[in-house]
Amino acid sequence: MAVVSDLASAQLAARLGLRGQSFPAFTDGNITDAENDADSVNSTFGSRQPPDSRSDALRQKMLQALSDATSALTDLRVAVRMDDRTQVTKALAEVGGALRHFEGIQQELQ
Amino acid sequence: MKAVMSMTLGVMTAIGGFVDIGNLVTSGITGARFGMTLTWAVLVGTIGMALFAEMAGRVTAVTRKPVFHVVRERLGVRVSMVNAGASTLLNVLTLAAELGGVSLVLQMVTGISYLIWVPLAGLAAWLVIWRMPFQWMENIFGLLGLGLIVFVVALFRLPTDWPAMWHQAIHPGVPAGQPAPTWWFYAVTLIGACLVPYQVIFFSSGGREEGWTSESMTEMRVNAFIGFPLGGLLSLAIMAAAVPVLEPAGIQVSHLNQVAVPVAVAFGRAGLAVVFVSFFAATFAAAAECALSSGYSVAQYMGWSWGKRHPPGAAARFHLICLASVIAATAFTLTTIDPVTVTIFAVVLGAAAVPLTYFPILIVANDARLMGERVNRRWANAAGSFFMLIMVVVSLASLPLLLLTKAGQ
């Protein structure tokens with residue numbers, strides 16, 4: 001799932017930044033790319049027409065998860081650009097929550 | 001010392017020719033997504049490139065003419081026009097990808113959008129082509145590009161599962177959960193990234209720039225049989241470094257900066273700094289080589305004076321073609337099409353056109369009238385024919401796979 005990759009990529013980049021293993025512009029670039037990609041998936045998925053009511057229920061659940069993921073990535077990007085370690089740590093927890101949400105959905109679907 | 005210096009061409013072609021934006025992107029994507037299961041594709045591309053580069057270099061050294069000049073003389077103006085036209089178009093597309101790569105590296109370092117850097121990267125590439133002596137260009141970017149060895153060293157610092165990676169490498173197969181057409185598509189991209197046409201044009205024309213003769217055969221063979229495999233090894237190291245870092249986290253590479261992340265995990269900022277310099281050197285050198293190759297192809301086909309060994313005024317039309325290709329590629333990159341997407345298309349279209357570039361080399365290198373005692377031996381013909389068969393299969397499969405997988409989705 002593309003958004004899981006985006007979340008994991010941003011999470012790894014932010015952790016590297018927190019540990020001083022990365023340059024600010026590099027960390028920012030990785031997180032911004034992940035945010036843009038997740039936003040693109042969100043828009044594309046939101047424009048799809050579900051074929052039946054069961055699919056619509058799944059669509060609603062996915063849209064909420066995608067929206068949470070995009071929002072978490074935006075918060076992470078803002079915190080990283082402000083160089084606010086406390087906010088970065090908080091946003092990382094949000095990203096982790098969004099990742100777990102997607103893992104839960106994946107397990108439900110299997 | 002002189003012998004060591006002359007080997008720099010091999011290092012340069014290994015880094016600038018092999019590890020360019022195509023290798024960086026395709027190795028990163030495949031390592032993160034398929035582990036080491038596509039090692040064979042890099043080996044096929046590397047061996048094919050070394051084999052045909054040796055033939056092209058031998059033709060150049062014996063006839064004292066670049067290989068596509070000989071192709072035109074041997075196969076005629078019409079046949080070689082297809083070759084020269086396809087090569088030039090692909091060179092410009094590849095140049096656009098390389099300029100995008102240079103700009104993405106500058107974006108990684110500065111945080112300023114790559115689109116701002118594209119015109120500056122184009123201008124810098126043209127200035128290097130116009131003003132910098134050929135050997136300076138080779139030595140400076142070749143040595144800086146060697147920084148890619150950091151990916152090899154990183155493997156010893158990362159939690160690399162060597163037995164598992166080795167098992168994947170020697171037991172190729174589509175990993176569980178991955179679609180087979182996509183796996184095959186990326187196999188094609190890896191082979192295409194090793195066999196891009198500008199490499200062989202630059203190699204043989206560069207041989208003339210360096211004044212190769214029959215006495216240069218050893219140097220040329222060292223370049224082809226040691227330099228290129230070294231480049232292939234670095235491609236594999238980039239692929240392998242993604243395996244312990246990106247694959248377990250479920251990260252799929254879709255941006256160039258993600259390819260650098262494993263080195264940041266291993267060595268932090270120091271490692272990243274080395275990656276930035278070596279990515280820049282590899283992509284910038286390849287950009288210069290692509291633009292030069294456009295000039296070489298057209299000027300050699302038209303019979304114009306060509307090469308950096310002449311002052312620009314004495315090879316004005318050659319330099320004009322180089323400049324025109326830089327302008328066209330810069331304009332293409334500025335359309336905001338994602339440079340990684342441009343790279344994927346460039347290597348796939350390159351793979352589709354591979355036989356057009358390589359088949360004439362096989363014919364010319366096998367012409368006893370031209371080559372005398374340096375004509376292809378039986379083993380070279382057998383190996384060349386075998387790889388030509390592979391190239392035809394790759395060529396035929398490339399476009400259907402591109403459409404079927406929506407460019408590797």
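Q: What are the ground rules on numbering and confidence?
A: Residues are numbered from 1 along each chain as written, and chains are lettered from A in the order written. In this predicted model local features need pLDDT of at least 70, side-chain atom pairs count only at pLDDT 80 or more, totals for chains, interfaces and linings use all residues, and side-chain values use heavy atoms, without hydrogens and water.

Q: How many residues of chain B are in contact with chain A?
A: 23, against 16 residues of chain A. Contact means heavy atoms within 4.5 Å.

Q: How many salt bridges across it?
A: The rule finds 0 between chain B and chain A. It asks for a side-chain nitrogen of Lys or Arg within 4 Å of a carboxyl oxygen of Asp or Glu.

Q: Which helix gives the largest share of chain B's side?
A: α14(B), with 11 residues. Helices are DSSP runs (H or I, at least four residues), numbered from the N terminus.

Q: Switching to pockets. How many residues line the largest one?
A: 22. Asp37(A), Val253(B), Ser254(B), Gly408(B) and Gln409(B) lie nearest its centre. A pocket is an open set of points on a 1 Å grid over the protein atoms alone, where a 1.4 Å probe fits, with protein on both sides within 12 Å along at least five of seven lines; lining residues have an atom within 4 Å of a point.

Q: Which element gives the lining its largest share?
A: α16(B), with 4 residues.

Technical notes
Helix = DSSP H or I, 4+ residues; strand = E, 2+ residues; numbered from the N terminus.
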